Structures are given as structure tokens and as C-alpha cells.
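Biologist: I am new to this structure and would like to learn how to read it. Could we take it one feature at a time?

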Amino acid sequence: MCESKLNKSMLAIGLGSLLLVGCASTPKESSQLNQLEQRIEALASAPGQPQRAPIAVEEAREALEKLRTIKGENSAAYQHQLYLTEKQIEIATELVATEEAQQVVNSADGRRKDILLEAKTKEVEEAKSLAAGIAMRAQELAQQVEDLQTAETDRGLVLTLGSVLFESGKATLRDGAKRTVEKVANFLNEYPDRNILIEGFTDSEGSETYNRELSQKRAQAVRDELVSSGVETRRITTEGYGEEFPVASNSNAEGRQQNRRVEIVIAKSSASDVTSRTSMR
Amino acid sequence: MNKINIFRSTSALALILLLGACQGNAQRPDTLVIQARESVKKAESAGAVQKAPLAMRDASQYLGKAEEAMSDKDYQEAQFFLEKSMINSELAIARSNAVDAKKAAEAINKNLDTLESEID
């Protein structure tokens, strides 16, 4: 009689008081055991594939099963097994936490790649829209400036200055051409982080050596004019190709005029150089 | 006189038998003692003194109690203490590993957060 009353009140009071009562027998399904079971099952259902710390969780289950088989809640054997079960659950808890943390570590490379990829994509898109902006500005410029064509190529944006810049056979700019180059300089100064390659070309009249030298001098003349209009020297590289890389036939005057030209190639991205034609051969 | 002596010795014998019965048929848990000592050492070398001080303390204290019980020839009690010591050593190691893993994960999360904020 005393026992059953005690059992009921014990259930109500809770688990701690169990230890204090000397004469109680074991209720098969005490709330204490249920609580332990809940803790174990919470660990078993911890998110993650495959299941986290399955062996430790199973050991906790086994410890609890063993506890259920021991009669007499206040027996030394029961209290001992209860202690071991609780510790086993704590161990499983730590192992689950360890695996969760390791998962974070293991997935770090993937997450880092994702972040970098996202950034790269963003960068590429920004570069694209910037390039589109430059091309648009260049077209505006081409409309303002006579004898200037623009084209987007794999090497970058190309501004082609026609032969009217120079007197025939000379490498000094005409007075009128200086204003053109100045406008180009202003344009280039809008994109100060882009490197520039200036390429000179001639038609096929005259010797190859002479043409090469003339084209080189013309490219340099354009560079000097750009520099005097505020474009930084270190951005600029010059090349003289002479009669190489014609854009039209040299067999008629019109074609030859097209071949006499200076091309200003603007690098596609900041801090990269324009690919030289000779390296592409 | 002699009778009393006999009575005394029989009652002493009875007491011993009774104690023996209380202690059950427990054998000297010598192997367990060795294992428990090794477990404590293992936990210590896993850095549990710093990383899991409570479990480590319990492991050491229960080992001490077990050794006392052994010298009292209370082998059942000793076995319980040894098992408690060992499970605490195991817990101390598991907790130390968890502390290390969590630190590593924290560092990586911080690292990735920094990377993310640098990019934005």
C-alpha cells in the first residue's frame, strides 16, 4: 500500500526523488526510461545522411535495454546501469556533434568553390556589361570623329584610325588629326585601367623594311600624341607591321587607303595586355 | 571460555560469509583496472584535462575509488567504479574531439563568411 502510493507521487514529483526513496519497486515504464529513450531517438534522427554516429547511438539503445531488464530501481545494479546509460547518451551526443562539425569542415571546399564561382560569374557579368558600355561609348565617338571605325574583336575593342592622319610617306600627324587623337585620348582616359596596343599598318607600296619602319613610327606618333593628351605611357605598347595584315586588296587605290591605318586595341579587362598579333601567328 | 571462543569464531565466520554473499561472486576485476588506467591516460593525452575537465575528473575519481574498493576486496563495487571510470574516459575523449571539431568548423565558417563579405 505504502509502495503504490509512493510510486504515484514519485511519478508526479519526478526523477530526482526516485533516488531518495529507499523502499520503492520498479515501475516498468517509468518516465525516466521514456526520457532516456527520447534522448536516444532524438540523436538517431539528427539530420544528416548517413545517420550520425550510428554505433554510439546503438550502444546507448543497448544500454537502455539492459537497464529495462534490471529489477529494482534502487538496486545498485540498476543505479549503476542508469549511470552508464546516461553517459552513453552523452558520448553519442558528442559523437553526433563531432560528425556535424566534421561535415562543415568537409563541405568547406565545396562551399568555397561555390562562393568563388558565384563571384566569378558576377565578375564576368560585370565585365560584360562594362565591355558593352565601352563599345557603346566607342560607337558614339566614332560618330563624332571622322575617319574612325570601331569593332569588337576577341582581342578587345579596336579603334581604327584611317590614313588621313598622316601625310603620305610621313610619320608626323596632320594638325587636324591631333584633334582626333585627342578625342580618342579622352575616351581612353575614361577607362584608365585598360592597357592599349597601338598597331601601325601600311599598304604594299615601297619596300617591306621601309613600310615596317614607317608603320612603327606612325604607331609611335599616335602614342606620343595620346601621351601628351594625358594617357599614361605605361598603358601603351606599339607595334609596326608594315604591309602585313591587310584589310583590303593592295591592287587598287581604295584598298590601299584602307590598308594604311593605325589600330588602337583596348584590352578586354583591366591589368591584362592586348594579345599581340605576332603571338597569334 | 572455550565455548565463547567457538561462538565468537563461528559468528565471525558467519559475518565473513554474509559479507561475501553481499559482495556476490565478483572476481577481482584486474583486467578492468588495467583498461581503466589506460583509458584515463588516453583521455589525458587527448587533451581532455583542458577540453573535458568534468568527465576527466570523474574518470580519475572513479578510478581512485575503484582502487580503494580493490584494496578493501570489494570487487563488485570496484567493478562498478571501474566501469564508471572507463565510460567517463570515453566521454572525455568524445567531448575533446567534439571541441576540436567544433573549433575547426567555427574557423571555417568564419573564413567562408569573410570570403563572402570580401567578394560582395
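Predicted model: local features only at pLDDT ≥ 70, side-chain atom pairs only at ≥ 80, totals over all residues.

Biologist: Is L32(B) buried or exposed, and why?

Modeller: Buried means under 20% relative accessible area. L32(B) has a relative accessibility of 18%, and therefore counts as buried.

Biologist: Which residues is L32(B) in contact with, leaving aside its neighbours within four places in sequence?

Modeller: They are Q79(B), L82(B), E83(B) and M86(B). Distance along the chain and distance in space can also be read side by side. L32(B) and A78(B) are 46 residues apart in sequence, while their C-alpha atoms are 9.4 Å apart in space.

Biologist: Where is S89(B) found, and why does it count as buried?

Modeller: S89(B) is found in α5 of chain B, which spans residues 75–119. The same cut-off of 20% applies. S89(B) counts as buried because its relative accessibility is 1%. Beyond its neighbours within four places in sequence, S89(B) is in contact with S39(B), V40(B), A43(B) and A59(B).

Biologist: How many helices and strands are there in chain B as a whole?

Modeller: Chain B has five helices and zero strands, so its elements, read from the N terminus, run α-α-α-α-α. Of its 120 residues, 32% count as buried. Among contacts in chain B with a separation of 6 or more, 73% are between residues 24 or more positions apart. The chain exposes about 7800 Å², and 56% of that is supplied by carbon and sulfur atoms.

Biologist: How many helices and strands does the secondary structure of chain A come to?

Modeller: Chain A comes to 10 helices and five strands. It has 281 residues, and buried ones make up 40% of them. For contacts between residues at least 6 apart in sequence, 68% join residues at least 24 apart in chain A. The accessible surface of chain A is about 15500 Å², with 52% belonging to carbon and sulfur atoms.

Biologist: Next, the nonpolar cores. Which residues in the largest nonpolar core touch the most other members?

Modeller: The largest one here has 30 residues, and F187(A), L188(A), I198(A), V222(A), L226(A) and I264(A) touch the most other members. In chain A, α6 (108–144), β2, α7 (175–189), β3 (196–201), α8 (208–228) and β5 each supply at least two residues of this core. The most comes from α7(A), which gives six residues. Another core lies apart from it, with 26 residues, among them V40(B), Y75(B), I87(B) and A94(B).

Biologist: Which residues is L188(A) in contact with, leaving aside its neighbours within four places in sequence?

Modeller: L188(A) is in contact with I196(A), L226(A), V231(A), R235(A), I264(A) and I266(A).

Biologist: Last, the largest pocket. How much space lies in it?

Modeller: About 290 Å³. It is lined by 19 residues, and the closest to its centre are Q149(A), T160(A), V247(A), Q258(A) and R261(A). In chain A, β1 (148–152), β2 (156–161), α9 (253–259) and β5 (261–267) each supply at least two residues of the lining. By class, the lining has four nonpolar, eight polar and seven charged residues.

Note on methods:
Residues numbered from 1 in each chain as written. Chains lettered and ligands numbered in written order. Heavy atoms only, no water. 1 Å grid on protein atoms, 1.4 Å probe; cavity = no way out; pocket = protein on both sides within 12 Å on 5 of 7 lines; lining within 4 Å. Points joined across faces, edges and corners; volume = space filled by probe spheres on them. Helix = DSSP H or I, 4+ residues; strand = E, 2+ residues; numbered from the N terminus. Nonpolar A, V, L, I, M, F, W, Y, C, P; charged D, E, K, R; others polar. Buried < 20%, exposed > 50% of the residue type's maximum accessible area, 1.4 Å probe, protein only. Contact = heavy atoms within 4.5 Å. Areas by Shrake-Rupley, 256 points an atom, 1.4 Å probe, with all protein chains shown as cover. Core = buried A, V, L, I, M, F, W, Y, C linked by side-chain atoms within 4.5 Å.
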